[in-house]
Amino acid sequence: MKLRNIISGVISFMALAASITTTAAEPIKTPVPARPAGATDLVGFAAPALDTVRVGFIGLGMRGPDAVDRFAHIPGTKIVALCDIEKDRAEKCQKYLDKAGMERAAIYGGAEDSWKALCDRDDINLVYIATDWVHHAPMAKYAMEKGKHVAIEVPAATSLEEIWDLIDTSERTRRHCMMLENCVYDFFEMNTLNMAQKGLFGEVLHVEGSYIHNLSDFWNYYWNNWRMDFNRKHRGDVYPTHGMGPACQLLDMHRGDRMTTLVAMDTKSVNAPEFIEKTTGKRPETFANGDHTMTMIRTANGKTLHIQHDVVNPRPYSRMYQLTGTKGFANKYPSEGYAFEPEQIASDSIPDHENLSAHGYITDAQRKALTEAYTHPIIKEVGEVAKQVGGHGGMDYIMDYRLVYCLRNGLPLDMDVYDMAEWCSLIPLTAISIENGSAPVEVPDFTRGAWQKLKGYRHAYKK
């Protein structure tokens, strides 16, 4: 009798487990709205070439002024207008134009909607948006409706509604909608991407990225406390794109592969509400964002991504940036290094190449030779200038330079509206997963079926 009860219990447990597994395997659906009539996809889209990129800047608080300074160093640009709700900030940016010997710009500001007058001008073809996050999408939509290309600081959108609105507007108006993700232009990332595209790592299977940056010294610099307020109100990975951008380029997202499913989880909130209490004397009743958020993503081709977010704990800065391939490995944080199968680099240009071992990093001498052999063409072209002009070690300048280069030569931009959508989608999708017990969530096909039109991510160059 006892054995019969045990067997019966095992069978019941197995039936229950099978039922649970079947239920858990179904991801939460995220609908894909129909493409508006008359619109077509923008995969590989190139707008007519511009002789001069005439730009207007909106938002001149933390990042905007440096962008104005960088554009003053880029040939083929004209800074037409500057706008900030605090008008004196816009006025202060005239110094960059004066230093460069450029004509002074028109100034807008002082009211919540002053930016609209800038977008209404007919002598601007690019609007550069560096405001607080909640204004990014509506400003970009309005500018595109007025016939302007837009470049938007990260994150460009924070909800699925905003993402689809920007996609639909960009597709309908045939105007570029690019997110200003600077981390894809860092030197290690670009050189590693070049190696990956040339097959050094074999097939790239898994990538990692993050934004781990203790912001305790910076919270008070955000106008009207908007960034902390956003974290207080929103759960999930609210700032994913610095890690997502380089990772997605390695995996050719919507250029032969696409993300299909994600699962996210977070820790409880501890340090952020304590920081508010320490600096204001009043502890918030609720704080949505967990101290640490983790997301796992699977792609249509069986690849995986691991993305993390943590801006409140005492950890060294890290964007993780890690690549696992069938023949090699790359890692940037906390220490940079490469590892390869012995036969993967059979070149006399790499010292002692016959003694490579995937069990450890290549030597400093080997890495130096490898980097010289595989320096990305864009780094070769503007890397030294970028270091001189600056902006997070030069990657900001390369980002702006490439935007102008592609617009002036009528080329597809390095990052399109679907990159914006995919990378920003973690904000709403991770919240859905976490709020449903870390359930799997379907990642929408933001290209609406066009993700296999191109095979492999590549930068465009004039012929």
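1. In strand β10, Thr304 is the bridge partner of Arg298. The pairing belongs to β9 (residues 293–299) and β10 (residues 304–310), which run antiparallel and are joined by six bridges. The model is a predicted one, and the points below should be read with that in mind.

2. Strand β1 (residues 53–58) pairs with β2 (residues 77–84) in the parallel sense, over six bridges. Within this pairing, Phe57 stands opposite Leu82 of β2. With helix α2 (residues 64–71) between them in the list of elements, β1 and β2 make a right-handed β-α-β unit.

3. Strand β1 also runs parallel to β4 (residues 126–129), to which four bridges join it. Here Ile58 stands opposite Ile129 of β4. Five of the six residues of β1 are buried, so the strand is largely enclosed by the rest of the structure.

4. Asn224 has a positive phi, near 60°, and is not a glycine. Its place is the loop between β7 (204–212) and α9 (226–233). Is Asn224 buried or exposed? With a relative accessible area of 63%, Asn224 counts as exposed, because the cut-off for that class is over 50%.

5. Met320 likewise is a residue other than glycine with a positive phi, here about 55°. The loop that holds Met320 lies between β10 and β11 (322–325). At 11% relative accessibility Met320 counts as buried, because this value falls under 20%.

6. How many disulfides does the model contain? The count is zero. Cys119 is in no disulfide, and the nearest cysteine sulfur, that of Cys83, is 8.3 Å away; a disulfide would need the two sulfur atoms within 2.5 Å. Cys119 is buried, at a relative accessible area of 0%.

7. Cys424 is also in no disulfide: the nearest cysteine sulfur belongs to Cys177 and is 9.1 Å away. Cys424 counts as buried, with 0% relative accessibility.

8. The second largest pocket holds about 310 Å³ of space. Its lining has 20 residues, and those nearest the centre are Gly44, Arg255, Pro412, Leu413 and Leu454. By class, the lining divides into ten nonpolar, five polar and five charged residues.

How values were computed
Residues numbered from 1 in each chain as written. Predicted model: local features only at pLDDT ≥ 70, side-chain atom pairs only at ≥ 80, totals over all residues. Heavy atoms only, no water. 1 Å grid on protein atoms, 1.4 Å probe; cavity = no way out; pocket = protein on both sides within 12 Å on 5 of 7 lines; lining within 4 Å. Points joined across faces, edges and corners; volume = space filled by probe spheres on them. Nonpolar A, V, L, I, M, F, W, Y, C, P; charged D, E, K, R; others polar. Buried < 20%, exposed > 50% of the residue type's maximum accessible area, 1.4 Å probe, protein only. Helix = DSSP H or I, 4+ residues; strand = E, 2+ residues; numbered from the N terminus. Pairing = 2+ DSSP bridges. Right-handed = clockwise from strand over helix to strand, strands pointing away.
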